[in-house]
Amino acid sequence: MTQRQPLAQGMSIKGKEIYSKEDALIYTTLKCFDSYGYDVIEPPSIEYYDVMKSSGKEAQQNMIKFIDPLGDIMVLQADPTMSLAHYMSKQSETSLRKFAMVSSVHRAYTLQSKRHEHFKQVGIEVFYDQGNYDEEVCELALKALELAQIKDVVIELGHVMFMPSLLQTLRVPSVLIEQILPLIQAKDMPLLEKTMFDLPLQVQTIIKQAMTWFGPVEDVVDKITSEMNEPSLLAIVEELNQLSNYLKQLNPEVSLILDFTTQKSLSYYQGLTITAYSPQSAQPLLSGGRYEYKEEESNQSMTAIGFGLNVALCAKLSSIQPTKISNVVIITTPENKLKALNKANEYRALGNRVHVMFEDEIESNDDDHMIVIDKEQA
Amino acid sequence: MITIALAKGRLATKGLERLIQSGITFSEYNEKSRKLIFESDDKQARIVFVKAMDVPTYVSLGIADVGIVGKDVLLESDSVVNELSDLQFGACRLCVCGLKPLPTDRKPIIASKYPRVSERYFNAHGIDVDIIKLEGSVELAPLLQLADGIVDIVESGLTLKENNLNVYTTITTSSARLIVNPRSYKIKLKAIQPIIEAINQGESV
């Protein structure tokens, strides 16, 4: 092929294989969600900043904001959950609604020299007023990861209310709870020891023990039940244990961990959280959880649960076999252009990727099937 | 296999000592070697040597699972890592130093390898300064009038003394910290735990 110039900053050649994998992943997961009765929707790419306010301070700081011609502050879509929750809060009845969606998420990003990031996610949200959909949503997360065919995935279940409840049970002052929670999340033992220096020794010991309440399901459940006897907290442990058992029953090979030190990654999370990791990636493959959304104007609240799966990351790690596309190069002369174009369409109709090129532009490429339509043939 | 990021120098030597004392040995390791990666004899771990300022980056991005690094570097890096313990070695102070106290009649210029820590410190104290980032030999800056003062680590104070510099304020104290990648800590817990214990247990040795 002709030598290509490097692309401008921010552009990249993704390659047909990755696109093919991403398409396959989106198609198969949406098909799966659809089979559970989810309506496939597309959230807006641009959203009112006010709608995104419930995402929390940290998330708000990472939103890319601008002002539209009417003077409203807008953001590039940063959290499709917020758009959906806002829409649902405007409905007169908050009965059961299930959504599946593909959306692009945009965020400011300060790591190294990169300023912005955007990624495509496929996910679901369930809004409900009766019962709970924890099992169904976790089951779909598991299925989406299975469909992605990624090796060595680990699914983590957590509960963001566990640690605050524990600290309240231990009668830790609320001001101190606010300071201690992020340190437990960061496992920052040196600073934690300093921060809780004035607490009774017995309380300090329990908090230090609680820092280790994460890991393989059986180990964690055994550890907590032997070290604590508070019924409300043990009920949360049992809830996650049962959910783990359910997922194990669906796929005995699934690798599951529990983490009771989990904190809110988004301010609206109120209960169960689900995250999937791969040893090959620093970013989670999938994350989500249960949350309460409260509409400021109407004061109406609703419960929902959902997750998003990072499409590009999963496609990169996926062993899904992309559809094999053959490269065909038709070499022709200006006189035979129309004949060559017709021939190209015949090959495209058969699923090939076809380039039409004129004689003096061509360099050979081993991967390409070459057809020459020249004067002799014409 | 668990990857441990170490910064060549005293912190690495101490960290390695603790691993070896706990039975995690690296026969191939030779202090004079230019190799940057050494596998443990049981093939369960490997150490990688990186620049001190890069240890948090390697760990936060999951390239390394575990790292040993000074608190001063951690404060400067802003990386998301789990800081598990204070290893009680490599003690030093992060100080504001200079030939004379910072001027009050104009905006002082500060030279430092720690621009973020410096900015946070001076902002918190309501002092407007210009900060120049340097990569090394920071003590030179006041001597050659590049800056009015420096923010740098002070261990024995000998270098400062030999260059006629004084310590005016201690911003914070620092020592070696054991850090882990949050994701690795969760999903490789069983493999990481013995290494964490090995490095921590040395505290009492």
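What share of the 378 residues of chain A counts as buried? The figure is 33%. Keep in mind throughout that this is a predicted model.

Staying with chain A, the count of elements is 12 helices and 15 strands. If we take the contacts in chain A with a separation of 6 or more, 72% of them are between residues 24 or more positions apart.

Now one helix. Please find α10 of chain A, residues 231-250. With 20 residues at 1.5 Å a residue, α10(A) should span 28 Å, and its end C-alpha atoms are 29 Å apart, so the two values agree.

Which residues of α10(A) are buried? They are Leu233(A), Val237(A), Leu240(A), Leu243(A), Ser244(A) and Leu247(A). Looking down the axis of α10(A), you will find these buried residues within an arc of 125°, which means that they line one face of the helix. As a reminder, an α-helix has 3.6 residues a turn, so residues three or four places apart point the same way.

On the other side of α10(A) the residues are exposed, among them Pro231(A), Glu238(A), Asn245(A) and Gln249(A).

Next, a strand. β12 of chain A covers residues 301-310 and is mostly covered itself, with 7 of its 10 residues buried. Strand β6 of chain A, residues 116-128, runs antiparallel to β12(A), and 8 bridges join the two. For one such pair, look at Gly123(A), whose bridge partner in β12(A) is Gly308(A).

Asn310(A) also belongs to strand β12 of chain A. Why does Asn310(A) count as buried? Because it has 22 C-beta neighbours inside 10 Å, and the cut-off for buried is 20 or more. Leaving out residues up to four places away in sequence, Asn310(A) touches Phe119(A), Gln121(A), Gln283(A) and Leu285(A). Of these, Leu285(A) is 25 residues from Asn310(A) along the chain, yet their C-alpha atoms are separated by 5.6 Å.

Now to chain B, and where it meets chain A. How many residues does each chain bring to the contact? Chain B brings 11 residues and chain A brings 14 residues. On the chain B side, the elements giving two or more residues are β5 (82-86) and α7 (182-187). β5(B) gives the most, with 5 residues. By type, the chain B side that touches chain A divides into 4 nonpolar, 3 polar and 4 charged residues.

Last, chain B on its own. The domain assignment gives domain 1 as 2-90 + 175-204, and domain 2 as 92-174. The C-alpha centres of these two domains of chain B lie 29 Å apart. Where they meet, 8 residues of domain 1 of chain B are in contact with 7 residues of domain 2 of chain B. Helix α3 of chain B, residues 71-77, supplies the largest share of the domain 1 side, 4 residues. The residues on that domain 1 side divide into 1 nonpolar, 3 polar and 4 charged.

That is the end of the tour.

How values were computed: Residues numbered from 1 in each chain as written. Chains lettered and ligands numbered in written order. Predicted model: local features only at pLDDT ≥ 70, side-chain atom pairs only at ≥ 80, totals over all residues. Expected span 1.5 Å × (residues − 1). Buried ≥ 20, exposed ≤ 12 C-beta atoms within 10 Å, placed from the backbone. Arc of directions from axis to C-beta. Domains from an automatic or database assignment. Contact = placed C-beta atoms within 7 Å. Nonpolar A, V, L, I, M, F, W, Y, C, P; charged D, E, K, R; others polar. Pairing = 2+ DSSP bridges.
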